[in-house]
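Please keep the model open while reading.

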Amino acid sequence: METWDAIRARRNVRSYTSEPVAPEHLDRILEAGWRAPSASNRQHWDFVLVTDPAQLRELATVWRGARHIADAPAAIALVVPEPADDRTRVVDQYDLGQATFAILLAAADLGLGTGHSSVGEQDKARAILGVPDTHEVSYLIGVGHPADRPLRPLAKPDRRPFDEVVHRGRW
């Protein structure tokens, strides 16, 4: 898929087929996150790849918006150190946003669907993933083959009108 097509085709997918995701595809998706921009090239993130069905079902219980993780063939947990201050928290979350989008876009390029989720129960998520108490499990991303329809560029995405969002020179 061309980059522009992947951008236009990417959508949140929360229903997956049972077909596993090829290990080389998972590695490519993880590499996209690893290559994402990071403030001062700090790269505070770590990524935990989960493919075990029992572990995925457990992860689906750490937030009400994570239910789709139970049926995903794979999930990626994005982890950062507990921040020392508010500035570090803001910068780390921005960096995780960049890594997340790189992951989502790489998956779309491969025709794979993704669905992201926050994490509400930190202690539970840490226990499931073996993450130390010095770190926070910030987000989960389910990865798999979409169950409903393949990814393709959307002609009319469900978005606010472009001219209402884009301001040129002034608000």
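## Terms and model

For the residue classes used below, Ala, Val, Leu, Ile, Met, Phe, Trp, Tyr, Cys and Pro count as nonpolar, Asp, Glu, Lys and Arg as charged, and the others, Gly among them, as polar. The model is predicted.

## The largest pocket

By these classes, the residues that line the largest pocket comprise 5 nonpolar, 1 polar and 5 charged. The lining is made up of Trp-4, Ile-7, Arg-8, Arg-10, Arg-11, Asn-12, Phe-101, Leu-154, Pro-157, Asp-158 and Arg-159, and helix 1 (residues 3-9) supplies the largest share of it, with 3 residues. The space in this pocket amounts to about 360 Å³.

The model holds an open sheet of 4 strands, arranged in the order 1-2-4-3 with antiparallel pairing. Strand 1 (46-50) and strand 3 (113-118) each have a single partner strand and stand at the edges, so one side of each is left without a neighbour in the sheet. From one strand to the next, the twist averages 25°.

Strand 2 (residues 74-81) and strand 4 (residues 135-144) run antiparallel and are joined by 8 bridges; Pro-81 has His-135, in strand 4, as its bridge partner.

## Helices on the sheet

Helix 2 (residues 23-34) packs on the sheet, where it touches strand 1, strand 2 and strand 4, and its direction makes about 165° with that of strand 1. Helix 5 (residues 122-129) also packs on the sheet and touches strand 1, strand 2 and strand 4, while the direction of helix 5 makes about 65° with that of strand 4.

Notes:
Residues numbered from 1 in each chain as written. Predicted model: local features only at pLDDT ≥ 70, side-chain atom pairs only at ≥ 80, totals over all residues. Heavy atoms only, no water. Pairing = 2+ DSSP bridges. Helix = DSSP H or I, 4+ residues; strand = E, 2+ residues; numbered from the N terminus. Axes fitted to C-alpha atoms, helices over the stretch in contact; angles between N-to-C directions. Contact = heavy atoms within 4.5 Å. 1 Å grid on protein atoms, 1.4 Å probe; cavity = no way out; pocket = protein on both sides within 12 Å on 5 of 7 lines; lining within 4 Å. Points joined across faces, edges and corners; volume = space filled by probe spheres on them.
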